[in-house]
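Please find below some notes for a first reading of this model. They go from single residues to the protein as a whole.

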Amino acid sequence: MKQASNSRYQARVKQAGFTLIELMIAVAIIGILAAIAYPSYMDHVRSSRRADVQADLAQLSQEMEQAYARNYSYENLAAGGSDTGAPGPDVALSDTSDAYTITISAAGESTFTLQAAPVAGHDQTNDRCGTLTLTGAGVKSATKGGSTVTGCW
């Protein structure tokens, strides 16, 4: 009788561990959680890049106003001394250069428009807000596909 109970005990000890079915169920659960979490994570990353470029546009707007106070003009503030183009090299912006292209457009001496457009081929083009614009009058807007998007600023 004791012999039979010992063999049952030994059989139980040998079977300790995971079966293939249990392992596959765990992998499936992890896969489902990842499929749900990854898009949410990417939306958060796009949103934080958008917040960075919005801060850059606000900072650039302040620098434009400081330049106007010195020169009484918004002209010649883009790179290369032109009225339209990228910000000059002395402007310190966050590291969003891979996601957005920032453009200054000075309309004469009295007004300007700052624009941040997502770089083609970058994941930021999937952001719901698209191109962000800030004018010298402080008007903020966002457009994507020719349509105005609300709630981006």
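1. A residue is called buried here when its relative accessible area is under 20%, and exposed when that area is over 50%, with partly exposed in between. Q54 has a relative accessibility of 16%, so Q54 counts as buried. Please keep in mind that the model is predicted.

2. Q54 belongs to helix α2. Leaving aside residues up to four places away in sequence, Q54 touches L132, C152 and W153.

3. D43 is also a residue of helix α2, which covers residues 20-71. Is D43 buried or partly exposed? Its relative accessibility is 46%, so D43 counts as partly exposed.

4. The side chain of D43 is in polar contact with the side chain of R46, at 2.6 Å. What lies 83 residues from D43 in sequence but 8.9 Å away in space? That residue is N126, with the distance taken from C-alpha to C-alpha.

5. The aromatic residues deserve a separate point. How many aromatic pairs does a search of the whole structure find? The search finds three. In one of them, Y38 and Y41, the ring centres are 6.5 Å apart and the planes stand at 40°, so this pair is tilted. Y38 and Y41 are three residues apart in helix α2, and therefore separated by about one helical turn. Y41, at 49% relative accessibility, counts as partly exposed.

6. Another pair is Y74 with F112: the ring centres are 4.7 Å apart and the planes are at 65°, so the pair is edge-to-face. Y74 sits in the loop between α2 and β1 (84-85), while F112 sits in strand β3 (residues 111-118), so the pair ties together parts that are 38 residues apart in sequence. Both Y74 and F112 are buried. Together with Y68, Y74 and F112 form one aromatic cluster.

7. Now the protein as a whole. Its secondary structure consists of two helices and six strands. Along the sequence these follow the pattern α-α-β-β-β-β-β-β.

8. What share of the 153 residues counts as buried? The figure is 27%. The protein exposes about 10000 Å², of which carbon and sulfur atoms supply 57%.

9. Among contacts in the protein with a separation of 6 or more, 41% are between residues 24 or more positions apart.

How values were computed:
Residues numbered from 1 in each chain as written. Predicted model: local features only at pLDDT ≥ 70, side-chain atom pairs only at ≥ 80, totals over all residues. Heavy atoms only, no water. Helix = DSSP H or I, 4+ residues; strand = E, 2+ residues; numbered from the N terminus. Buried < 20%, exposed > 50% of the residue type's maximum accessible area, 1.4 Å probe, protein only. Contact = heavy atoms within 4.5 Å. Areas by Shrake-Rupley, 256 points an atom, 1.4 Å probe, with all protein chains shown as cover. Polar contact = N/O pair within 3.5 Å; in protein donor to acceptor, adjacent residues only side chain to side chain. Phe/Tyr/Trp six-rings, centres within 6.5 Å; stacked < 30°, edge-to-face > 60°.
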